[in-house]
Amino acid sequence: FTMKNFLLALSITILYTALPTVQGFGLGGGNKARRGAAAKPSSPLLEDALKGYPFVNDDKTKLSSTFNELAKLYGDEEALGMVKIEPRVLRFDAENFEPCLESWTEQFGLEKAQAMVKRNPGLLGVKPSLTEDADSSMYGSYVVAALRPSPISLAVWGVLLLSLLGNQDFWTDGGFYNGGGSPLQ
């Protein structure tokens, strides 16, 4: 294991991650959902959500019902934004969505709880029994949103890492530890 192999793996991972990443946090306007709102038969944005779903061989009926539950609790635009950020939310257990939102609403209020999940859609995978003390989840949602990379920044970092890999003089002179010089010279 060498630093060069590590940086190669890291740059490939970054470039691979940049391809499906969507910019934005899904926090824009749109239909604001309220807990206990009447269930809609189907979200008007369901087709858009399924169109952008990258995984194959999943039950479209389950994915549709999961998206519709998400749209009922968070709003159509917000649900689509969460699916664009994290498509795997359509694989999560939709029966957990409402109990988790209720628990977070008791702790933070409805709008703050919804915003927390919009910043970090991975929270939709949390079991309701784990939501009693969610302060760390609230703070973590800001960190996740701030560190969520855009495709452009990932591409820049990937190119930088690849340029470091190809600069043999940089590594033989000690790299970063020995003031090895600029990798772009």
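1. Some wording to begin with: helices (H or I, at least four residues) and strands (E, at least two) are DSSP runs, numbered from the N terminus. This is a predicted model, in which local features need pLDDT of at least 70, side-chain atom pairs count only at pLDDT 80 or more, and totals for chains, interfaces and linings use all residues. Residues are numbered from 1 along each chain as its sequence is written, and side-chain values use heavy atoms, with hydrogens and water left out.

2. Start with Lys72 and Glu69, which sit 3 residues apart in helix α3 (residues 60-74), so about one helical turn separates them. Their side chains form a salt bridge at 3.5 Å, N to O; the term means a side-chain nitrogen of Lys or Arg within 4 Å of a carboxyl oxygen of Asp or Glu. Glu69 counts as buried, at 19% relative accessibility (buried is under 20% relative accessible area, exposed over 50%, partly exposed in between, with a 1.4 Å probe and protein chains only).

3. Lys72 has another partner: its side chain meets that of Glu98 in a salt bridge of 3.8 Å, N to O. Because Glu98 lies in helix α5 (residues 97-108) and Lys72 in helix α3, the pair ties together parts that are 26 residues apart in sequence. Glu98 is partly exposed, at 23% relative accessibility.

4. Taken together, Glu69, Lys72 and Glu98 are linked in a network of salt bridges.

5. Please look at Arg88 too: Arg88 and Glu86 form a salt bridge, with 2.6 Å between the closest N and O atoms. Arg88 is partly exposed, its relative accessible area being 44%.

6. How many salt bridges does the rule give? The count is 3.
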